[in-house]
Amino acid sequence: MKMIKLKGIGVSGGVGIGRAFVMRKDDLAIPKRKITHDHISREIYKLEEALIETRREISILQKKISKELGFDHGRIFEAHYLVLEDRVLIEDVITQIKNKRVNVEYAFSQSIEKYVSTLLKLEDEYLRERVIDIEDIAKRVLRKILKESTVTLSDLKEKVVIVAHDLSPSQTASLPKDKILGFVTDIGGRTSHTAIIAKGLRIPAVVGVEVATGNIDSGIKIIVDGSSGQVIVSPTEKTLKEYQKKLSIYTKEIKSIHISTELKAHTKDGKDAVISANIELPEELALVKKYGAEGIGLYRTEYMFLGRRDLPSEEEQYKAYCSVAKKISPQPVVFRTIDIGGDKFLSQPQVPREMSPFLGWRAIRFCLARPEVFKTQLRAILRASVEKNVKLMFPMISGIEELRQAKYILKECQKELKKEGKAFDEKISVGTMIEVPSAALTADVLAKESDFFSIGTNDLIQYSLAVDRGNEKVAYLYEPGHPAVLRLIKSVIEVAHQNNTWVGMCGEMSGEPIFAFLLLGIGLDQFSMSPPQVPKIKELINNVNFEDAKKIINNTLSLSTPKEVEKYLQKELKKLLSEEIYHMLMI
Ligand code: PEP
Ligand code: MG
């Protein structure tokens with residue numbers, strides 16, 4: 001195959017070189033294998049078996065639904081039968097197996113893709129809507145085939161580069177990380193959750209490639225350059241050598257980053273800054289310690305709720321939170337109550353599809369509407385707070401009423417626990433995440449009823465600039481240095497301080513050196529970020545003066561475009577730091 005270069009958004013630096021492992025929707029990884037002439041009939045037999053078994057399964061399901069809900073409901077499976085009995089489709093799969101000599105699951109998924117894309121082009125709305133049924137039936141058939149030939153990541157002997165249309169947060173979280181050399185996805189933006197996890201685990205990643213799954217087959221050699229956003233499929237020997245060199249330089253540079261064992265960071269002129277870590281999975285706890293973070297500034301608790309059929313019980317959550325609090329003690333951990341919705345969905349309760357999920361039933365809105373889910377979590381966090389290093393915060397607060405309602409439910413939980421004689425920290429700090437412009441603009445009101453703020457710029461940027469954070473088409477507009485964003489942040493920090501409220505930032509922006517420098521000047525108290533960013537930001541803080549950071553604020557805020565802001569901040573930092581430190585910060 002000829003070498004192809006694809007371009008996407010580099011969201012997690014470094015170079016990954018290896019064979020591709022293409023993951024199709026719904027966790028099903030469909031490998032492409034060449035088969036010999038002798039195996040053709042075996043593959044066709046597998047297809048026939050799978051179709052018969054699926055038909056049997058659908059018929060049982062149909063009878064059950066008709067019995068429970070009536071005959072009309074049972075008819076929803078008619079489209080399923082149409083696919084299972086579609087001779088054109090079946091012949092297409094068989095032809096591929098025979099002529100292209102590929103395995104049945106690969107041939108079947110290719111035929112289904114063709115089928116679906118044809119339907120999507122049709123004017124007929126009824127037929128277009130059948131796509132969901134077809135995808136459902138396709139998954140059922142594939143599962144049946146894959147029973148015998150599933151290749152899961154854990155079965156693989158070698159490490160691979162994961163290629164997917166998209167990876168849901170739960171898929172990303174459940175992948176065996178020791179098998180992954182890199183991620184490439186068709187969709188996604190700089191702060192999509194796959195990007196955040198990849199960065200946290202220091203796995204090179206390029207998202208928003210748009211045509212990755214269309215151009216890459218499992219087993220093909222690829223290179224992922226997470227710094228430049230380049231993906232090279234089937235590289236020539238020369239390109240391969242070039243990138244192997246790049247990889248070894250990068251590995252050396254990463255190793256040379258100074259990891260300070262001293263937890264505190266302070267500027268040369270003595271201003272303290274707290275540098276802590278954001279995590280979503282218990283396995284990242286080791287990284288918090290490894291990179292010398294001062295506790296956990298954001299624990300994304302919703303990851304415990306993803307990728308499972310039931311909801312975690314109070315006891316299960318309590319144990320998990322306690323274990324995190326104990327392991328990180330005496331450093332603090334901030335548990336963010338579940339941020340479900342947006343791009344993170346539960347299997348149970350099922351939430352109807354929304355037109356704009358990021359603007360919909362997400363985070364605190366979901367929790368306030370589902371007090372039983374919310375209370376279970378609050379009780380678990382409260383009980384874990386006996387460790388005395390536990391704080392909690394609410395995501396996506398858009399106004400004081402939501403904060404009051406959340407705190408009211410928290411109070412109820414405290415009363416219940418007291419009645420039951422269960423211990424908790426009565427002085428637990430309760431914070432508000434500032435990630436919606438309306439919250440930023442009413443920070444004075446919220447500050448009076450919050451123990452601390454944590455600015456969530458990943459969302460604040462998307463909501464202020466009206467840019468979906470996970471959409472590669474508008475990713476060029478997602479600019480932390482946009483003057484509107486900077487003005488909002490400055491005003492939140494100032495207003496918080498006028499009200500004696502401590503302010504942290506847990507959005508990715510606080511881990512970007514140029515912005516961390518500006519935020520230091522504005523007076524941000526805590527910088528919370530992906531663990532591998534921690535040593536860099538500490539090095540930055542330890543090598544600059546607070547007075548110098550303050551001096552750049554007015555100039556930065558007088559600039560009109562994000563590009564000008566970035567250039568100016570880079571220029572100023574370059575002047576203040578040694579070449580070696582500046583280079584290290586920019587890796
Ligand atoms: C944020 O929005 O900046 C944030 C930290 O929360 P999340 O990325 O989980 O939405
Ligand atoms: Mg957020």
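How far is an oxygen atom of ligand 1 from an N or O atom in the side chain of Arg469? The distance is 2.8 Å. The views below start from there.

This is a predicted model: local features need pLDDT of at least 70, side-chain atom pairs count only at pLDDT 80 or more, and totals for chains, interfaces and linings use all residues. Residues are numbered from 1 along each chain as its sequence is written, chains are lettered from A and ligands numbered from 1 in the order in which they are written, and side-chain values use heavy atoms, with hydrogens and water left out.

**View 1. Ligand 1 and the residues that surround it.** Ligand 1 has 17 residues around it, each with a heavy atom within 4 Å of the ligand. The closest are Arg300, Arg336, Glu435, Asn458 and Arg469. Arg300 places a polar side-chain atom 2.7 Å from an oxygen atom of ligand 1. For Arg336, a side-chain N or O atom is 2.7 Å from a ligand oxygen. The protein covers 100% of the 280 Å² of accessible area that ligand 1 has on its own (Shrake-Rupley method, 1.4 Å probe).

**View 2. Helix α22 against helix α25.** Helices here are DSSP runs of H or I with at least four residues, and strands are runs of E with at least two, numbered from the N terminus. Two packed helices are described by the angle between their axes and the distance between the axes. The axes of α22 (residues 534-542) and α25 (residues 579-586) come within 9 Å and cross at roughly 150°. Axes are lines fitted to C-alpha atoms, for helices over the stretch in contact, with angles from 0 to 180 degrees between N-to-C directions. From α22, Lys536, Glu539 and Leu540 make the contact; from α25, Ile581, Met584 and Leu585 do. Contact means heavy atoms within 4.5 Å. By class, four of these residues are nonpolar, none polar and two charged.

**View 3. Asp217 in its loop.** Asp217 sits between α10 (212-215) and β7 (221-225). Its side chain makes a polar contact with the side chain of Tyr106, at 3.2 Å. Such a contact is a pair of N or O atoms within 3.5 Å; within protein, one must be able to donate a hydrogen and the other to accept it, and residues adjacent in sequence count only if both atoms are side-chain atoms. Beyond neighbours within four places in sequence, Asp217 touches Ala20, Val22, Lys32 and Tyr106.

**View 4. Backbone of Pro330 and Met396.** Ser329 and Pro330 are joined by a cis peptide bond, with omega about 5°. Pro330 lies in the loop between α13 (314-328) and β12 (333-336). Met396 is not a glycine, yet its phi is positive, near 60°.

Conventions: Nonpolar A, V, L, I, M, F, W, Y, C, P; charged D, E, K, R; others polar.
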